[in-house]
Amino acid sequence: MPNAADNPAETAAILTGLIRDVPDFPKPGILFKDITPLLESPDGFRTCIAALGERVRAHGVTALVAIESRGFIFGAPLATYLGLPLIVVRKPGKLPRRTESVSYQLEYGEDRLEVHADAIVAGSRYAIIDDVLATGGTAEAVATLIARLGGIVACAAFPIELAFLAGRARLSAPVESLVVFG
């Protein structure tokens, strides 16, 4: 597969071909975007990481902040590609050192995320990494956490964006997405 990282339209076409629609999952009326075919394609996944990496690189970040759990799938190879540290944001009780946490609203309730309190360096520039930008609530919560610890959110990056859910509007940092669904 040719390196499509330099051509956004070609990258989007390759990745779109590797994202499967699954109707009525996880409940009726939802059209789920399944990334497992993308993950099963070494060339497609490599294209995704290279394209996302070049977009993130343009923001001059000093580290990546990946959101549990699917953000880890993209964050780890992206950190390796860019030669940058990877900081993980997890559900409560999963990190062994002192943490800073943030609560955020879900469609039906509240959730909480944590990061090691010493992982975010004041004044450093961070990219938030996750698999899909949907409503933006989780990424917004992580941005709040980074800012509270003195970090700067330079960008947020996602292989997939569900534009009809308007998550981009909740983020004050630039958003990079490779495939945008209406």
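Let's start with Ile 129, which sits in strand 7. This is a predicted model, so please hear everything I say as computed from it. Is Ile 129 buried or exposed? Its relative accessibility is 0%, so Ile 129 counts as buried.

Who are its partners? Setting aside residues up to four places away in sequence, Ile 129 touches Val 56, Leu 64, Val 65, Ala 66, Ile 67, Gly 71, Phe 74, Gly 75, Leu 78 and Ala 157. Remember Val 56, please, as that name will come back. As for Ala 163, it is 34 residues from Ile 129 in sequence, and their C-alpha atoms are 17 Å apart in space.

Now hop over to strand 9, where we find Ala 154. Ala 154 is buried as well, with a relative accessible area of 6%. How far is Ala 154 from Arg 125, in sequence and in space? The two are separated by 29 residues along the chain, while C-alpha to C-alpha they are 5.5 Å apart.

On to the helices. Helix 3 covers residues 42-57, which is 16 residues. From first C-alpha to last it reaches 22 Å, close to the 22 Å expected at 1.5 Å a residue. Its buried residues are Gly 44, Phe 45, Thr 47, Cys 48, Ile 49, Ala 50, Ala 51, Leu 52, Gly 53 and Val 56. There is Val 56 again, one of the residues that Ile 129 touches.

Helix 5 has twelve residues, and its span of 16 Å is close to the 16 Å expected. Which residues of helix 5 are buried? They are Gly 137, Ala 139, Ala 141, Val 142, Ala 143, Leu 145 and Ile 146. After helix 5 comes Gly 150, with a positive phi near 95 degrees.

Those of you who work with cysteines will want this next part. How many disulfides does a search of the whole structure find? It finds zero.

The largest pocket has a volume of about 1,300 Å³. Its lining is made of 37 residues, and those nearest the centre are Arg 70, Val 132, Ala 134, Thr 135 and Thr 138. The elements giving two or more residues to that lining are strands 2, 5, 6, 8 and 9, plus helix 5. Which element gives the most? That would be strand 2, with four residues. By class, the lining has 19 nonpolar, seven polar and eleven charged residues.

Finally, some backbone details to look for on the screen. The peptide bond from Phe 25 to Pro 26 is cis, with omega near 5 degrees, and Pro 26 is in the loop between strand 1 and strand 2. Asp 24 is in the loop between those strands too. Asp 24 has a positive phi of about 60 degrees, although it is not a glycine.

Another cis peptide bond joins Glu 68 and Ser 69, with omega about -5 degrees. Ser 69 is found in the loop between strand 3 and helix 4.

Last one: Ala 166, in the loop between strand 9 and strand 10. Ala 166 is not a glycine either, yet its phi is positive, about 60 degrees. With a relative accessible area of 42%, Ala 166 is partly exposed.

Thanks, everyone, and I'm happy to take questions.

Note on methods: Residues are numbered from 1 along each chain as its sequence is written. This is a predicted model: local features need pLDDT of at least 70, side-chain atom pairs count only at pLDDT 80 or more; totals for chains, interfaces and linings use all residues. Side-chain values use heavy atoms; hydrogens and water are left out. On a 1 Å grid over the protein atoms alone, a cavity is a set of points where a 1.4 Å probe fits but cannot get out, and a pocket is an open set with protein on both sides within 12 Å along at least five of seven lines; lining residues have an atom within 4 Å of a point. Grid points are joined across faces, edges and corners, and a volume is the space filled by probe spheres set on the points. Ala, Val, Leu, Ile, Met, Phe, Trp, Tyr, Cys and Pro count as nonpolar, Asp, Glu, Lys and Arg as charged, and the others, Gly among them, as polar. The expected span of a helix is 1.5 Å times one less than its number of residues. Buried means under 20% relative accessible area, exposed over 50%, partly exposed in between (1.4 Å probe, protein chains only). A disulfide is a pair of cysteine sulfur atoms within 2.5 Å. Contact means heavy atoms within 4.5 Å.
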